[in-house]
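Here is a short report on one protein model. Have the structure open as you read.

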Amino acid sequence: MAEKKETATKKANKKDAKQKATLPPSGFKVAVREILRSKSACIALIIIILILLFTFGGSLFLNRAQVTEMNIADAYYGWGEAGHLLGTDDGGRDIMKLLMMGGRNSIMIGISVTLITEIVGLIVGLISGYYGGAIDSVIMRIVDFVQILPQLPIIIVLTTVIRNYNAVTLVFLIAMFGWTTTARYYRSFILSQRDRDYVLASKTSGSSNLQIMFREVLPNITSMIIIDVVLTIAGNIGIETSLSYLGYGLPTTTPSLGTLIGFADDPVNVISRPWLWLPATILLLVISLSINYVGRALQRAGDARQREN
C-alpha cells in the first residue's frame, strides 16, 4: 500500500510539473525576452537609464539658485571655454547644468502628465467599454467634444491668464486634454473583453461590476497599459517642450529642454552659437527615439503574451 501511495504521489508531482511547464511565461518575462531579442531595444534601454542618471542623478548635486543665477561677464562662452564643457548662455549660466535640470524637469512633467491621463483615461475607458449602450454613447460624445477643441491655443491662453502659474499648473493643463486619447484606447480593449467567458462566469457567480472591471478585466490588459504608459511619456515630454519653446510652458526661471531649444529662435544663435540649443535638441531626440524603441519591444511582448495565452 505504501508503495502504491508513493507511486501515485510521484505521478501527481510529474503531472503538476508538466502543467507548470506548459503555463505561459509571465508578462515581465515576455517583456524582458522581447527586449533582449532586439539589439535596438537593448541599446535604447541602456540609453534611457544613462539619461535618467545624467538628469536626475546629476541634478542632485546642483543648487538651483546657483545654476539659474545670471553672470553677464561669463556670457556666450563656447564649447569647453573657461571650464564650461558645453559653454554658457546669454546670462552666463552653464549649459551643462541647465541641461541636467532642464532634462529632469521635462521628464518629470512628462511622467506626471502620463500618470494623470492614464488613471483618468483608464477609469473612463473601463466604464465606457464595460457598460456600453447609453453610458458609452454619452461618455464618447464628451470625449469627442474635448478632442475637437484646439489644445495648444487653449493652453496658451490659460497660461497667460492664470495667476501664480507654475509647473503643477502646466501638468494639469496638458492632462486636461490628454486623457481622451487614453480613454478611447482602453475602451477598445474593454469592448473586446466584456463578452469573454471569464467575464460571463464572474457575472454568473455574483461578482459586482466593480469587482469584474478591476479584478477580472483590468489584469488582462496590463500589457496594453504598460505599452501605452511608455509611449505616452515620450509624447507628453514633446508637448511640454513645444510649449516651453513657444514661451508658454514652464516659467522662464525654470530650466527645461524647451527653453534651451528656444535659443534657436535667433538666427545668430543657430549659426554662430550652436552650443546654446544643440545639446538640448539632441537629448530630446535621443529620449524620444529610445522610448519608442523600447515601446515597440513591449508592444511585441504584449502581442506574444496574448498569443501564448
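At what angle do the axes of helix α3 and helix α5 cross?

## Basis

This is a predicted model, where local features need pLDDT of at least 70, side-chain atom pairs count only at pLDDT 80 or more, and totals for chains, interfaces and linings use all residues. Residues are numbered from 1 along each chain, and side-chain values use heavy atoms, without hydrogens and water.

## Two crossing helices

The axes of α3 (residues 39–59) and α5 (residues 95–131) cross at roughly 110° and come within 8 Å. So α3 is roughly perpendicular to α5 (65 to 115 degrees). Axes are lines fitted to C-alpha atoms, for helices over the stretch in contact, and angles run from 0 to 180 degrees between N-to-C directions. Helices are DSSP runs (H or I, at least four residues), numbered from the N terminus.

Contact means heavy atoms within 4.5 Å. In α3, the residues that meet α5 include Ile51, Leu52 and Phe54. Their partners in α5 include Met96, Leu99 and Ile107.

## A buried tryptophan

Tryptophan 179 sits in helix α8 (residues 167–193). Is this residue buried or exposed? Tryptophan 179 is buried, because its relative accessible area is 16% (buried means under 20%, exposed over 50%, with a 1.4 Å probe and protein chains only).

Not counting residues up to four places away in sequence, tryptophan 179 touches Thr117, Val120, Gly121, Val124, Val143 and Val146. Its C-alpha atom is separated by 9.9 Å from that of leucine 115, 64 residues apart along the chain.

Definitions and conventions:
Parallel < 35°, antiparallel > 145°, perpendicular 65-115°, else oblique.
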